[in-house]
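Grab a pencil and take a look at the model below. Then try each exercise before you read its solution.

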Amino acid sequence: MATNELTVFTARKVITMNRSWPYATAIATKNGRIVEVGTLETLKPWLESHAYRVNDQFADKVITPGFIDPHLHPSMAAVLLPMRFITATRWELPWETVQPVTTPEDFLRRLHELHSEHAPDQPLFTWGYHQLWHGPMSRTLLNTVSVERPIVVWHRSFHELYMNDGAMDWLGITANEAEGKQQIDFGAGRFYENGLAYAIVKLNPYILSNERYRDGLRRLVEVAHHGGHTTLGDMAVGLFNFDMEWEGTKDVLDGADTPFRTVLVPSAANIASMQGGHDQALSFMDELIKRETERLLFPKHVKLFTDGAFFSQLAQLQEPGYIDGHLGEWLVAPEQFIDIARQYWNAGYTIHVHCTGDLGLELALDALDTLQWERPRFDHRYTIEHFGFSTPEQVARMAALGASVSANVYYVHELSAIYAQQGIGHERADQMARIGSCVRAGIRTAVHSDFTMAPALPLNNAWVASTRQNMEGNVVCPEEALTLDQALAAITIDAAYMLGMEDEIGSLRAGKSADFAVLDTDPYAVGREGLKDIAVDATVFKGTPYPING
Amino acid sequence: MQRCSRARLTPSMAEVPFIVIGGYLGAGKTTLINKILGTDHGQRVGVLVNDFGDINIDTKLIQGRDEPLISLTNGCVCCRLGNELGSGIETLLNVAPTLDALLIETSGVAYPAKIAAYGNTWPGLSPGGTLVMADASRIQSLCSDKFVGRLVVEQLRQADQVLVTKLEKGFDWETLRHWFSTQSPSARVSPSEEFACQGVFEIRGSNRHPENAPNVMFETRSFVTYDPLHPDEVTRWLTGLPPEVERIKGIFYNAQDPEHQWVIQGVGLQRTISPGKAWGKNSKQTEVVLIWPAGLTPRIPDGILGGSNRQNSRR
């Protein structure tokens with residue numbers, strides 16, 4: 001309800017991310033919007049002429065702009081989060097802290113525990129199994145836990161799964177149809193690659209059922225809140241099924257108690273497939289703005305793809321390619337890519353391009369070069385998403401053409417060592433997510449989680465971006481690290497820019513939405529190394545505090 | 001606990017050959033698919049396509065549309081591919097358990113071998129070979145293209161059969177054929193004008209291992225009737241079929257369970273009926289195909305299915 005009363009939040013320190021007015025200790029707000037940022041002393045001209053109330057619940061905390069993840073996938077999160085995690089690494093979830101499980105014996109013990117506490121009439125799904133820690137897996141082993149209850153053990157990589165007898169029976173997968181097939185090891189209950197696709201077709205009616213999907217989205221709300229987010233970018237709406245995703249999004253993410261807004265960016269290919277062509281897709285997208293609500297936004301942004309998945313080593317590489325000689329994949333024919341990009345470019349859309357390899361990036365930049373030649377646009381914000389492999393020369397070209405970068409910098413943490421050994425060698429693997437160069441070239445640069453590909457923890461991402469420390473504890477290519485300040489900008493004001501909302505969110509200044517993350521520690525006091533250990537105690541979304549418990 | 005999905009009842013011995021039609025954009029894949037759908041080759045084909053918009057079927061041939069499917073009067077069924085290839089395969093195998101072959105038109109940037117691997121994996125399918133199409137006027141420059149050069153080279157290398165299109169006057173076919181033979185060492189190379197649609201069903205085994213090529217001709221007879229049948233009658237008719245009938249596949253409209261398709265399977269003298277999925281929007285009917293080695297003349301009892309039928313030959 002609209003009010004003339006001001007609410008003044010006080011803090012030990014306010015980090016505004018407004019470079020002209022960087023620090024403060026008090027923020028006056030009205031109706032969810034910032035009136036002034038300063039100190040109780042400097043706010044006086046406002047406070048003397050308006051009724052106000054001081055909210056000092058964060059008086060000993062540090063307030064920053066609410067965090068923004070400009071690229072994650074609520075639909076994928078909704079599939080993963082209802083599963084139980086048994087993982088080799090510690091995993092912080094709002095409802096539990098998953099302790100590392102690093103031996104075959106402990107994996108089986110944990111599976112027994114989950115079986116005994118799980119509702120007896122429900123199938124049990126686990127995620128996080130990895131043979132390097134958990135040893136060989138098989139249907140026989142899973143049958144020792146239960147023969148009757150369906151048990152599905154999903155691999156950490158998502159690329160394979162195992163089932164017990166109960167699950168095979170539940171899904172109606174019989175020896176008659178599955179025995180002797182490649183990529184299905186019927187005896188071991190193992191399904192991988194195309195065999196996994198078969199298992200997923202059987203599982204879809206269950207994992208995409210309304211009830212389970214909404215449960216998954218509600219869990220995503222908790223996860224995003226715990227990470228300190230006040231804005232998310234759903235960077236490929238329609239990945240599974242536009243209508244199903246939209247219904248779920250409306251039911252859950254638009255709730256009056258959801259502490260963040262979601263910016264929805266449709267995937268052009270998926271919408272074209274649903275609408276029967278790219279022309280129809282554009283007309284469909286032009287109408288989406290009518291569906292906007294307070295928390296669900298459809299700006300004129302669109303998602304395109306060039307090359308394959310980074311985690312699957314399907315990025316398209318320039319010479320000399322992968323060590324083993326395998327080739328990457330195109331997700332669209334290059335000559336079609338430019339036609340599709342042209343359609344949205346000429347219609348005034350902001351284009352986001354999923355690019356993982358340097359050849360994929362080359363295609364995206366050739367297209368941008370052509371479009372700029374045909375019909376120049378200023379402030380177009382053509383954004384390279386993920387930005388796995390690149391060359392220094394491409395960074396200069398991006399700057400010249402006016403592209404932006406939203407990088408999945410977590411690649412450096414999880415994959416740099418293994419990709420050096422089993423992918424492309426040290427030189428190129430170490431330089432993945434070349435974001436230091438981007439910032440130096442004046443390119444707007446944000447980082448994202450691509451959740452579920454990386455944890456939805458912005459401070460952790462800022463830590464990776466600024467330290468470039470990998471899982472093995474080594475620092476790789478410190479030349480490409482961001483400074484602490486740049487890393488914080490990459491999860492706040494520069495992330496807002498990726499969604500075209502820097503005028504509204506991403507920093508704390510008069511006139512912007514009162515979206516805060518409330519931290520227990522000052523990032524500038526602990527430095528880059530300490531970023532990942534900072535706790536988020538609460539968020540404030542449009543002036544309303546949402547505490548985070550424990 | 002409610003069952004998640006029902007087992008499909010296609011027996012492993014009745015696997016449907018999965019034939020891949022690949023090649024880069026503009027090579028003529030859709031043209032070939034249109035030709036296959038419009039030609040009377042006696043094969044009941046399921047076709048997975050990226051987009052119905054490109055498929056040009058004589059409207060007289062269309063029996064019914066039920067998104068994502070179009071069924072044709074010649075027994076062929078087209079399915080529009082959504083996000084997942086697997087769902088498309090399942091949809092087709094479920095609506096048409098009596099298919100002779102399943103054809104997929106890949107996207108122009110797919111590696112055909114990756115798609116063909118589904119023929120080895122997917123229950124109900126067997127590998128049916130890979131045909132790769134190439135536009136004669138463009139293929140050599142595509143092979144050195146900055147973005148797709150390595151892809152196109154790889155597509156050709158993975159072919160069992162290369163079909164060369166847009167061969168205009170002035171092309172030196174022998175030189176071109178030689179070039180293709182170095183690009184696709186294990187494939188047969190043909191100009192598209194000399195390629196009969198029937199050839200699509202003969203890719204597998206006819207090139208790589210000619211010594212193993214099945215050379216037995218089969219004859220088939222299929223029956224269609226729209227009246228509900230009593231399961232005892234069907235069983236009696238099945239067991240009365242002579243032993244020369246090597247394979248039987250089909251579905252029938254069960255008077256005692258009118259809501260579900262019932263599946264008929266037969267290999268040798270093992271002949272069974274079993275409940276299948278709900279009819280849903282599909283028209284209720286009985287369709288049976290009998291298959292026997294060419295040259296034999298099994299006496300097919302008239303009985304309940306003796307009505308409308310047609311006879312075909314095939315390899």
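**Exercise 1.** Work out what share of chain B is buried.

*Solution.* Start with the rule: a residue is buried if 20 or more other C-beta atoms lie within 10 Å of its own, exposed if 12 or fewer, and partly exposed in between, with C-beta atoms placed from the backbone. Next, apply that to the 315 residues of chain B: 42% come out buried.

Before you go on, note that this is a predicted model, where local features need pLDDT of at least 70, side-chain atom pairs count only at pLDDT 80 or more, and totals for chains, interfaces and linings use all residues. Residues are numbered from 1 along each chain as its sequence is written, while chains are lettered from A and ligands numbered from 1 in the order in which they are written.

**Exercise 2.** Find where Phe387(A) sits and decide whether it is buried or exposed.

*Solution.* First, locate Phe387(A) in the loop between strand E20 (383-386) and helix H15 (392-401) of chain A. Helices (H or I, at least four residues) and strands (E, at least two) are DSSP runs, numbered from the N terminus. Then check the backbone: phi of Phe387(A) is near 60°, positive although the residue isn't glycine. Finally, count neighbours: Phe387(A) is buried because it has 32 C-beta neighbours inside 10 Å.
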